[in-house]
Each structure stands twice: as C-alpha cells, then as structure tokens.
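Keep the sequence and the 3D view open side by side as you read.

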Amino acid sequence: MSFLVLFLLMFIAWHYWNNSRKNKILQDKEAHHRALLESTAAIPWELDLSTWLFTYVGPQIEKVSGYKPEEWYAKNFWVDHLYPADKDKSVSFCSEATSRHEDHEFEYRFIKKDGSTMWIRDTVQVIVDDGKPVALRGFMFDISKQKNEQEQQRKIELHLAEAQNIAHVGSWELDIVSGELQWSNETFRIFEIDSTLLKPSYENFLNIIHPDDRNRVNQAYKESLENKSPYSIEHRLLMPDGRIKLVNEKCDTEYDNNGNPVRSFGTVQDITDRKRTDDAIKTIASTVASTSGDDFYQELVTNMAEMFDADYAFIGLLDEVDPLVINTYVVYGQGKIIPNVSYSLIGSPCKNVVGKTACAYPNHVQELFPEDKFLAAMNVVSYIGLPLYSSDGTALGIVVILDSKPMKNTTEMEEVLKIFVARTEAELERKKSSEIIQKLSLAVEQSPNIIIITNAKGHIEYVNPAFTESTGYSRDDVLNKNPSIIQSGEMSEDFYKQLWQTIQSGKTWSGEFYNKRSNGELYWDEAKISPIKNSRGQITHYLGIQSDITDKKQIEQKLRRSQKMDALGKLTGGIAHDYNNMLNVILGYTELLNMVIGTDGTNDKVVEYIQEIQHATERGSALTKKLLAFSRQEPTQPENVNVNQLLLDTQNMLEKTLTARINLDYRLADNIWSIYIDKGDLEDAVLNLCINAMHAMPDGGDVLITTSNQKLSNHKATILNLAAGEYVQLSISDTGCGIHEDALNQVFDPFFTTKGTSGTGLGLTQVYGAVKRAKGTITVDSKLNKGTNISIYFPHMHDPNEGSLSVPEKVINQYGTESILVVDDERSICELSKNLLSSKGYQVLIADNGKTALELLENNQIDLLLSDVIMPNMDGYKLADIVRNKFPHVKIQLVSGFDDDKKRTEKDNTLSKNILQKPYTASQLFTVVRKVLDS
C-alpha cells in the first residue's frame, strides 16, 4: 500500500514536472514568436468581438501612431480615431465582412496622437467558435509613405495633364520595332479624335496632316532617323469639318547599340491661337486703328438677340466722366444694328445692374421703372441685364436684352448670357490690351533710343529701328546673336565681366560703350541694362536702352581741348609777359650802351658784342611772339582774304618747300567766300601744315589742299563748337604715317612734338592761335599708316567790323620837352624808359603801381601817361579810365608784353588797338610817344 502511494506520488510529480516542462517550452516558443512579430513592420493585434475591445496591440504601434499599446485597449478607441471621411465606410466594411465570417483587407486613414494623419492597411482574420465570430486578429501596416508617393505621382500626372491641356501640348511615343504608337489625352484632343474609336498609328497620324504638308512631315521624320538627329517642324492639320490647325511637332529617337532606331518620342503643340495672337500684335503695331472689333460686337449682340428671339440687345459702357451715364457701344434693334445713344442710369433698371449683379424683370418692366423713357419708346415689356467688369474688378458697363413680350426661363437666359458676358469682357480686355500693346509697340519702334532685348543667355531677340539706323546692322543680322557683334574691341574683358556680374545679380547696370558700326566706324553709346524677371523672380531676359552720344563726346572733347588751350594760352601769355619785360630791359640798355659807346669811341669789339646781345634779344622776342600768337594776344592786321587767291599765290613757294618727292594737288571750289584774317597768319598756317605733312611722308607721298563753301546746320555747328552759318572750309590731307590716337588731343599743345629733337612743338600751336583769332575752328582726323586730314572752318565775313591802326615805322622828330609819367610794376622797365626818354629831352616821372601814379598826377603837370597793362591791384585799363575822367587833358599810351581777353569799353578797345608791344626798341618808343603827343 505504501509502495502504491509512493508510486502514485512519484507519477504525479513526474506528470507535473513533464507538464511544466512542456508549458515552459510552449511559453518560450510563444515569446519567441511574439518577439519575431513585434520586431517586424507588421503590427499584430487581437480584438474581442463581444466587447469590441483590443486585447493585444504590438508595441510597434507607439512608434507609428504615438499611442502606447495600453491606450488602444480603451472603449471605441479605434472607431473614435478613424479619419472622419473614412469612418463610416471602414466600420461598415469590417462589420459586414465579419458577419459573413470572411477574412478581409482594407485601407483607411487614422488620426495620430499629434493630430496628423497616417494611412493603414489592415489584414483581418475572423476567429469563429461554434459557428459564431468571437474575435478578430490581424496585422496593421503603416503605408503612409507609399500613399504619399502614390499621391505625389497622381499629382504629377494630373499636373502634367493640366499643363499639357493649358499649353495645348500633347505627347506621343512610337515603338519602332512593334509599330505601336501611344498618344496622351491632350494629343487626342488636339487631333479631335475619340480615343475609344481609333487606335493610334503612324498612318493615322499622317492622315490627319494637311495633304499639302504630309510629304514634308514624313520626309522630316525619315531624315531624322537617317541623320540620328532630332527635328522640330510646323505643319497644318486638316479637321473633319474642314478647319485647319497649325501645330509644332518635335521628335527625338533612341537607338540600340548597333545604331538601329528603337523608339521615337516627342510632342505636338497646338500653336493656332499663338499664331493668331502674333498676327494680331503685328497688325496692331503697324496700324493705329482697326474695324475688326466693331464687327465682333455687332455679331455678338445680333447672336444674343436672335438666340432669345428678343427685339433689342446692346452693350453699354460707363461714361468716363459721369458714372451715372451709360454710352451704348453697339445696339441691335428689330433686326439690324442701330445708332448708339447715351442715357442716364437714374430711374433705369440698368442702375441695379452696373457694378452690382444680374437683374431680370420678366414682365411689366415699364411699370417698375416709369421714369425710363427709353423703355416706353421701345415698347419694352421685359428686361435682363448683366454687369461687365474688367480683370481687376472695375465696373465697365452692362450687357442687356430687352423684349416687347414677357421673358421665360430668365434663370436659363442668365446662365447663357454669362457666356456672352465673359466673351465681351475678354474682348474688351483684349481691346484694352491691344491699345496698350499698340502704344508700347509704337513707342518702342519709334523711340530714338536704341532698344535691345536678349534672353537670359544674352542672345538678341529684338532690336528696334533705331538700332538698325545707328549700327547699320539689320534685325536679321543680329537676331539670336550676342551683342558682342557691335563691340569695338577697345574695351577690356574686365569691363564686360563686371557688367554681366551686375545684371546677373538682378541689378541695373549703367555706363558707356565704345562700339563699332557695321562699316567699321567707332561710336559711343550711353546705356542702361536691366534684368527682366518673371513672377517667380527668375531672370528671363535683359533690356538694354542705349543712346548714341558720339556727338556729345566730340563736343565734350572739343570743349575740354578749348578749355585746356585757353588755360595754356593764359599761362604762356603770362610767361611771355614776364619774358618780354626782361627782353625789354636787355634791349633797351644795349641801345643805351650803344649810344654811350658811340659818343665815347669805344673799340669795335665791344660794339660787336653789343650787337650779338641785340641779336639774341630779337630771337627771344620772336619766340615770345609765337607764344603770344598761341595765347591769341599778338596784334594782327586782319583783312578780307580770298583763300583761293592766297593759295595760288603761295603755290610755287609750297612746291619748292615740299620738294619734288611730295606731290602737291589743289582742288579749289569756285566762287569761294572771303574770310577776315591776317594774311600772314593764314600763310604761316598753310606752310606749317604742309611742312608737317611732308615730315609724315619721309618716302614721299601726296598732299591735297581743298577749299569749299559750307553752310553749317545747328547740329553740325554744335559738334564743331561754332555758331550755325556760312563758313569756308580749308582742308589739307596727306598720305603719311598718321597720328596715334593718344597724341591727337595734344597736337596743339605748346612744345608738344612727335618729331623728337627736330621739332619745336610750336608750329601747330601757332596754327591753332591763328584760327582762333579768326574766330574759326580746326579739326584733326588721322589713322595710323593711312594719313591725316586737317580741316579749318573760317566764318564767311562780308565786311570787317573794325580796322586796325597802323603805327608808322619812323617818325622824323624823336625829341620833345613834354612831361611823361611812366607806370610799370617792373622797376627796371621804369628806369629804362626814364633813361631812354630823358635822353631825348623829355621830363620823366616813374611809378610802380596805379595808386602812386594817381598821386603824382594830382601833384604834377603831366602830358602823357605811359602805362603797362598787367599790374597788380590796378591794371592799365582801370588806371586809364580814372585818368580819362579826372585828368582829361592827359594823353594815354598803353604798353604790354601780354594782354588778357577781358571785355573792354569802346575807349579801351581804341587803346588796345594802339598798344605798344614789349619788347620794343628805343626807336619804336620814341616814335610812338611823339605820335601820341602830336595827335
């Protein structure tokens, strides 16, 4: 018995151990399986159908939904978190499948803890016990990423279809091996073919093409296959109803490794409307007015009236001045277009329409608006009107239908009329846009400024007529080319690099170009280049506005040259003044020394030395004369001169000077006008220019001298810095080495020379001074190795305004006893003059400034005032004016080595004409003094 009990106990213990072991193994397997499930993307779950509560949800759920598994165990958790739009459908689908004991799968959106939405695909297994569903279990999958990708793909396809529809661009693809052709929906729409009735093929495509274009298109495709190159071609389509469409077709082809074509693909774009728009813009740009708009509106109102069998239809626009007045634009009345009228909105049904909304009065409209006399006059019973608006929402007017019988179905009429209104608004907007386009087009086409439009790469897309006129290039010459076609090559690469950096950054560039015309002529442009941006801020084009400033540059250059020459003239004149004072002292004292030696009987050798000093002084005096000629201060004796006669008189001398290796040719105009100039000045100028020409042709060449009468317009005269009028042009040209551009602006400068030590640099300076004294101008045009042309313009002078007083070279009596006051800020000049005049018996007082001179005049009896012109504080003219007023009996003689160009009184001019120029000889001084005292 005890053994049996022991055995039983052992059996029970073994059985318990064995079951525990099996349970442990089972639990381990379950835990392993669960761990495997919970490590995958699939989210396991179980639900008790008796309570519709989750009994288990995998831990992955927290990562994807934000909710912890235990939060899913709440009542109605799943249903309450379904996306509202998916809730009823999802619950219904799951309940019905469960009731049928069917496993099922479905997709729905679920609201996450953060409020965002996720997509779930749920695979569900129905657990049945005793023929009844007791539980559900399954796997949830987060498919948000796939759904988003699908949605993006759907949007891309939708946008592509919309883009093709908007742009009227269809796509196609041809499998060359199988011959299968595919068309996009837009391609079917362009071809106006029902995709369900016709399968695309290359033959069907050719049949749609206009017969006259069919061979050309087919040949273009074949050549593209042979040449392995894409093509683009415009051709016509013939629609079944006889309409013609214009399309642009593009094609490219793929080839296998053996070079055989395998697939062609491309696009077809309906460009009919675009072509019509282009034609319309061209018509607008070339005409100021068009009558096509009236035809459209007349047809529109006629169609409106006939469609609704109404007596009247009109389009009315608000008066621009009075907003309570309507001016009819076009009126249809009882079968024809009738004259327009203006009427007040007050008391009219139209007042309820303009700027508001549609109004319909199907019957008895006269009773409703008794003040509207037009309704009664036209026997109107019914009325319907719709407002017109511009694209920016501004009220424009109305579209109205009136009838002598009641209207039916006004709601339907209103809907149909909306189409007419939309078309009318579009046409009015088009008309307004056309007027703007017309104005802009005319403004651009007629602009005197050069206008260039390029694409973002800098290729020219448009130039206006001013560009062609200025550059000499036609539009065809420059379209699709870079503006560098007009570059002169005179500007650095850095200049253009900086320009491009500026405009590519979105900024406007301003500056000047030195460009080249088609004939090689260089010119200056002042320009502004601005980027043109689209609505997204991207640069699509560049607009350049330029103006030719070559004339302005030439005027500025001549003005700068004139200012420089004036400044240099004053400088050299001042130098000449001081130099003449020194020469005057040297010359005067050598003459005094000569007088002393002559009386003392000093040896001949000393006399010889004195004569050398006098000779050197005379040479210095000649140099100062050249300087004074440049500064326009040298006294001259102008007269009426016939240029042709002077040239003929000097021809022999010029030929000998130029030598036999230079061929001198005259081409003188007949009946040449006279000019007013110092004949010596003109002879020197011609000689100087001819000698310069000879030096430019060391191996020989040609010198051509021409004359002509010129009538200068305001424009031409402004460029030359002259007044418009009649001029004599004297030109001297050679075939020599030319002048470098850098030296052109310096050729008239004193002491500037390109001849090295063999030139003084004063020849052209003298020419310049002579021309300016004659109130003319001089221009230089030169090209290296091609020659130089110098043109001088002298004003045509019929009669000289003033003559000049000639001073006799000798006066027999050089002695006197009169009292003379010598005034000069150079003390040495005063002493010299005193010594010279005293030697002839005169009573001489001296002063070194105007104030001292006036004091001496107050206290002494003076017969003659001999005064220098240029003095500090009080110059000679100012002193002379005071003396004339206070001491009218005193005679005046002015002396100067330089005179400025200030305006003088008439009396001052007389003094200026008779001025004694330094350096002067003793004999000249004695003669002038005696002459003034005796006058």
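The accessible surface of the protein comes to about 51900 Å². Carbon and sulfur atoms account for 52% of that surface. This is a predicted model. Of its 935 residues, 40% count as buried. The protein has 28 helices and 34 strands. Take the contacts between residues at least 6 apart in sequence: 57% of them join residues at least 24 apart.

Five strands form an open sheet in the order β2-β1-β5-β4-β3, with antiparallel pairing. Its edge strands are β2 (53-57) and β3 (104-111), and each pairs on one side only. From one strand to the next, the twist averages 30 degrees. Eight bridges join β3 to β4 (residues 117-129), and the two run antiparallel. Within this pairing, Glu107 stands opposite Arg121 in β4. Helix α4 (residues 84-99) packs on the sheet and touches β3, β4 and β5 (132-142). The direction of α4 makes about 155 degrees with that of β3.

Now move along the chain to another sheet. Five strands form an open sheet in the order β7-β6-β10-β9-β8, and the pairing is antiparallel. Strands β7 (181-183) and β8 (231-238) stand at the edges, each with a single partner strand, so one side of each has no neighbour in the sheet. Neighbouring strands here are turned by 25 degrees against each other on average, direction ignored. Eight bridges join β8 to β9 (residues 244-255), which run antiparallel. Leu238 has Ile244, in β9, as its bridge partner. Helix α8 (residues 211-227) lies across β6 (169-175), β8, β9 and β10 (261-270). It runs at about 155 degrees to β8.

Next, the charged pairs. The structure holds 25 salt bridges. One of them joins Lys245 and Asp270, whose closest N and O atoms are 4.0 Å apart. Lys245 lies in strand β9 and Asp270 in strand β10, so the pair ties together parts that are 25 residues apart in sequence. Lys245 and Asp270 are both buried.

A helix supplies another pair. Glu427 and Arg423 meet through their side chains in a salt bridge, at 3.3 Å from N to O. Both sit in helix α13 (residues 410-446), and because they are four residues apart, about one helical turn separates them. Arg423 counts as partly exposed, at 40%.

A further salt bridge joins Glu818 and Arg930, with the closest N and O atoms 2.8 Å apart. This pair links distant parts of the chain, 112 residues apart. Glu818 is in the loop between β29 (787-795) and β30 (819-823), while Arg930 is in helix α28 (residues 922-934). Glu818 is partly exposed, with a relative accessible area of 22%. Arg930 is buried, at 6% relative accessibility. Elsewhere, salt bridges that share partners join Glu173, Glu254 and Arg263 into one network.

Finally, the cysteines. How many disulfides does a search of the whole structure find? The search finds zero. Cys737 is partly exposed, with a relative accessible area of 40%. Cys830 is buried, with a relative accessible area of 0%.

Note on methods: Residues are numbered from 1 along each chain as its sequence is written. This is a predicted model: local features need pLDDT of at least 70, side-chain atom pairs count only at pLDDT 80 or more; totals for chains, interfaces and linings use all residues. Side-chain values use heavy atoms; hydrogens and water are left out. Buried means under 20% relative accessible area, exposed over 50%, partly exposed in between (1.4 Å probe, protein chains only). Contact means heavy atoms within 4.5 Å. Accessible areas come from the Shrake-Rupley method with a 1.4 Å probe; for residues, only the protein chains shown count as cover. Two strands pair if DSSP finds at least two bridges between them. Axes are lines fitted to C-alpha atoms, for helices over the stretch in contact, and angles run from 0 to 180 degrees between N-to-C directions. A disulfide is a pair of cysteine sulfur atoms within 2.5 Å.
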